[in-house]
Amino acid sequence: MIIILVQYILTMEIQTVTYCVAMKLKDGLIFASDTRTNAGMDHISTYRKLFYFKNEDREIVIQSAGNLATTQSVIAKINQNIKDNTDNNILKIPTLFEISQIVGTILRETIIESKSELIDTSTLSCSLMLGGYIANNEPELYNIYSEGNFIIANEETPYFQIGENKYGKPIIDRIVNYTTDLENALKCTMISFDSTIMSNLSVGLPIDLVVMNRKENKTTQIRVAKDNEFLLKIRKAWGQLIKENFDKVPPFPLS
């Protein structure tokens with residue numbers, strides 16, 4: 001009984017919930033992650049789950065959802081490899097495919113190393129999304145699983161979501177495709193986050209956002225806080241439109 005209780009406490013301490021979206025579109029890439037790590041009645045804290053890496057020939061974003069300790073360890077190892085300029089340095093590996101393999105290996109090995117009698121690998125699980133570009137190559141986006149394997153975004157599947165995605169998924173499924181322009185895709189992303197935040201206390205502001213506009217060769221980084229003017233407008237307009245259009249739907253016939 002004591003062992004079960006300790007395992008439960010450890011699980012509660014190191015597990016976290018989040019919501020992350022990444023899109024690979026015709027005109028560029030969008031990455032958005034919330035920062036909520038704990039949503040108890042008297043304790044709410046934040047932690048960055050979107051990590052941005054850049055040098056003269058590349059820009060890379062890594063997003064995480066799942067076990068917070070696993071995430072911290074993986075990112076720490078990636079940063080240490082960059083500092084030591086090792087062969088696993090993501091800022092010098094020639095392709096994003098190889099980088100995803102390296103990051104997947106780091107993730108898998110971190111989970112195996114952290115496993116104990118009280119904490120199994122499922123408790124330590126973590127999902128990652130990795131995207132960006134190298135030199136003049138086409139942007140790429142990968143969804144990396146705890147086992148270290150991954151899938152690649154394409155024109156048929158141009159976006160990934162990890163974490164608490166059920167509330168924000170419908171709007172993206174209905175609106176976004178590979179040819180959606182960045183402006184509308186970003187608007188859809190913000191509605192998706194607002195819907196999730198409204199329905200689940202475990203996801204919350206601020207939102208870390210990176211937009212890579214490949215047409216204009218411009219990258220924008222923003223942290224969207226609760227007083228962000230655009231987010232407030234989106235929340236008000238979307239809520240009002242839902243109510244107005246709901247009233248237009250015919251009633252269900254009971255006879």
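**A tour by selection**

Start with alanine 135, which sits in the loop between β7 (126-134) and β8 (140-144); helices (H or I, at least four residues) and strands (E, at least two) are DSSP runs, numbered from the N terminus. The phi of alanine 135 is near 50°, a positive value in a residue other than glycine. Its relative accessible area is 35%, so alanine 135 is partly exposed (buried means under 20% relative accessible area, exposed over 50%, partly exposed in between, with a 1.4 Å probe and protein chains only).

Before moving on, note that this is a predicted model, in which local features need pLDDT of at least 70 and side-chain atom pairs count only at pLDDT 80 or more, while totals for chains, interfaces and linings use all residues. Residues are numbered from 1 along each chain as its sequence is written, and side-chain values use heavy atoms, with hydrogens and water left out.

Select asparagine 217, in the loop between β11 and β12 (218-224). Asparagine 217 is not a glycine, yet has a positive phi of about 50°. Its relative accessibility is 60%, so asparagine 217 counts as exposed.

Next, go to the loop between α5 and β11, where proline 206 is found. The peptide bond that runs from leucine 205 to proline 206 is cis, with omega near 0°.

**The largest nonpolar core**

Which residues touch the most other members of the largest nonpolar core? Select Met23, Leu25, Ile30, Ile172, Val176 and Ile207, in a core of 25 residues. A nonpolar core here is a set of buried Ala, Val, Leu, Ile, Met, Phe, Trp, Tyr and Cys residues joined through side-chain atoms within 4.5 Å. At least two residues of this core come from each of β1 (19-25), β2 (28-34), α4 (169-175), α5 (182-199), β11 (207-213) and α6 (229-248). The largest share, seven residues, is supplied by α5.

Centre on leucine 25. Beyond its neighbours within four places in sequence, leucine 25 has contacts (heavy atoms within 4.5 Å) that include Ile30, Pro158, Val176, Tyr178 and Leu182.

A second, separate core has 24 residues, among them Phe53, Ile78, Ile106 and Ile119.

**Helix pairs**

Show α5 with α6. Their axes come within 10 Å and cross at roughly 75°; axes are lines fitted to C-alpha atoms, for helices over the stretch in contact, and angles run from 0 to 180 degrees between N-to-C directions. α5 is therefore roughly perpendicular to α6 (angles under 35 degrees count as roughly parallel, over 145 as roughly antiparallel, 65 to 115 as roughly perpendicular and the rest as oblique). In α5, Lys187, Met190, Ile191, Asp194, Ser195, Ile197 and Met198 meet Phe230, Leu231, Ile234, Arg235 and Trp238 of α6.

Now show helix α2 (residues 68-84) with helix α3 (residues 96-114), which pack at an angle of about 130° with axes 10 Å apart. The two helices, α2 and α3, are therefore oblique to each other. On the α2 side select Thr70, Ser73, Val74, Lys77, Ile78 and Asn81, which meet Val103, Ile106, Leu107, Thr110, Ile111 and Glu113 in α3.

**Last stop**

Finish at glutamate 147, in the loop between β8 and β9 (150-152). Its C-alpha atom is separated by 7.7 Å from that of leucine 107, 40 residues apart along the chain. Glutamate 147 has 54% relative accessibility and so counts as exposed.
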